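Welcome! Here is a short briefing to read with the sequence and the 3D view at hand. Take the topics in any order you like.

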Amino acid sequence: MDTTSNSTASSMSARFRGFLPVIVDVETGGFDAERDALLEIAVVVVTMEPSGLLVPQPAVAANVEPFPGANIDPRSLEITGIDPDHPFRGALPERQALDHVFQAVRDAVKAADCQRAVLVGHNAAFDLAFLNAAVRRTGHKRNPFHPFSCFDTATLGGLAYGQTVLSKAVLAAGLSFDTREAHSAIYDAERTAELFCRIVNRWRHLELAERDQAASIVV
């Protein structure tokens with residue numbers, strides 16, 4: 001038995017009360033989760049090292065076919081650069097796209113000995129609303145995400161670095177951000193994951209420093 005991996009899994013489960021943080025980013029055809037198309041979805045699972053530090057894993061993503069009757073605002077496409085009709089886009093129907101990313105999340109939840117995933121997003125309510133709307137449309141019964149709880153890196157970035165815009169918070173955290181790559185679900189999910197891990201790990205370093213300081217006082 002690999003006691004190190006079991007210990008790490010137990011630590012992840014204990015750290016977030018049985019929830020596994022999973023970063024999610026969606027690109028859409030507008031702002032209305034019920035009416036506007038879901039066009040891209042990407043998820044990034046995080047794992048925990050024995051030290052208690054979080055590490056982002058490679059993204060799992062899918063391009064998504066607009067659901068029948070979906071609205072697509074041309075202004076949204078100008079921002080994202082997505083061409084929904086591009087022949088090489090390889091888009092999947094919503095149900096298949098959800099199956100693809102949900103399987104990776106369910107596997108990670110099980111590996112971490114957690115009960116459920118909790119969505120981490122930048123302005124997370126937006127991503128969660130589109131995710132939940134797609135789940136309802138497809139009648140998906142195996143959604144691994146908590147239906148309403150989430151972690152918002154806009155809030156966390158404001159707390160940790162005084163920045164709520166993703167690009168500015170990422171840069172303030174000492175990470176890189178390429179504006180030319182922004183508004184791709186994969187890129188934004190990866191940057192959001194790095195930001196989330198940097199903030200949580202910063203807190204972990206503070207915990208360890210306080211523990212060392214307390215120990216030195218006792219001695």
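A residue counts as exposed when its relative accessible area is over 50%, as buried when that area is under 20%, and as partly exposed in between. With that in mind, please note that this is a predicted model. The protein chain has an average pLDDT of 93, and 95% of the residues reach at least 70. Residues 1-5 are a stretch where the pLDDT is below 50; beyond near neighbours in sequence, this stretch makes two contacts in the model.

- An α-helix has 3.6 residues a turn, so residues three or four places apart point the same way.
- T153, a residue of helix α5, is counted as buried because its relative accessibility is 0%.
- Leaving out residues up to four places away in sequence, T153 touches V120, G121, H122, T192, L195 and F196.

**Aromatic rings**

- How many aromatic pairs does the structure hold? There are seven aromatic pairs.
- F16 and F151 form a tilted pair, because their ring centres are 5.9 Å apart and their planes meet at 50°.
- This pair links distant parts of the chain, with F16 in the loop between α1 (3-15) and β1 (19-28) and F151 in strand β6 (residues 145-152), 135 residues apart.
- F16 is buried at 9% relative accessible area, whereas F151 is partly exposed at 28%.
- F31 and F126 make an edge-to-face pair, with 6.2 Å from centre to centre and 70° between the planes.
- F31 sits in the loop between β1 and β2 (38-48) and F126 in helix α4 (residues 124-138), so their pair ties together parts that are 95 residues apart in sequence.
- F31 is exposed, with 73% relative accessibility, while F126 is partly exposed, with a relative accessible area of 27%.
- F16, F151 and F196 are linked into a cluster by ring pairs.

**Arginines over rings**

- Which residue lies over the face of F67? R137 does, at 3.8 Å from the ring centre.
- R191 has its charged end over the ring of Y187, 4.4 Å from the centre of that ring.

**Cysteines without a disulfide**

- A disulfide is a covalent bond between the sulfur atoms of two cysteines.
- Searching the whole structure turns up zero disulfides.

**Positive phi angles in the loops**

- R17 is a residue other than glycine, and its phi is positive, near 55°.
- R17 belongs to the loop between α1 and β1, and at 69% relative accessibility it is exposed.
- N123 is not a glycine, yet it has a positive phi of about 60°.
- N123 belongs to the loop between β5 (116-121) and α4, where it is partly exposed at 46% relative accessibility.

**The surroundings of A91**

- Where is A91 found? A91 is in the loop between α2 (74-80) and α3 (94-111).
- Setting aside its neighbours within four places in sequence, A91 has contacts with N63, V64 and E65.
- A91 and R180 are separated by 89 residues in sequence, and their C-alpha atoms are 22 Å apart in space.

Conventions. Residues are numbered from 1 along each chain as its sequence is written. This is a predicted model: local features need pLDDT of at least 70, side-chain atom pairs count only at pLDDT 80 or more; totals for chains, interfaces and linings use all residues. Side-chain values use heavy atoms; hydrogens and water are left out. A disulfide is a pair of cysteine sulfur atoms within 2.5 Å. Rings of Phe, Tyr and Trp (its six-membered ring) pair if their centres lie within 6.5 Å; planes under 30 degrees apart count as stacked, over 60 as edge-to-face and the rest as tilted. Helices (H or I, at least four residues) and strands (E, at least two) are DSSP runs, numbered from the N terminus. Buried means under 20% relative accessible area, exposed over 50%, partly exposed in between (1.4 Å probe, protein chains only). A charge sits over a ring if NZ of Lys or CZ of Arg is within 6 Å of the ring centre and within 35 degrees of the ring normal. pLDDT is the predictor's confidence in each residue, from 0 to 100. Contact means heavy atoms within 4.5 Å.
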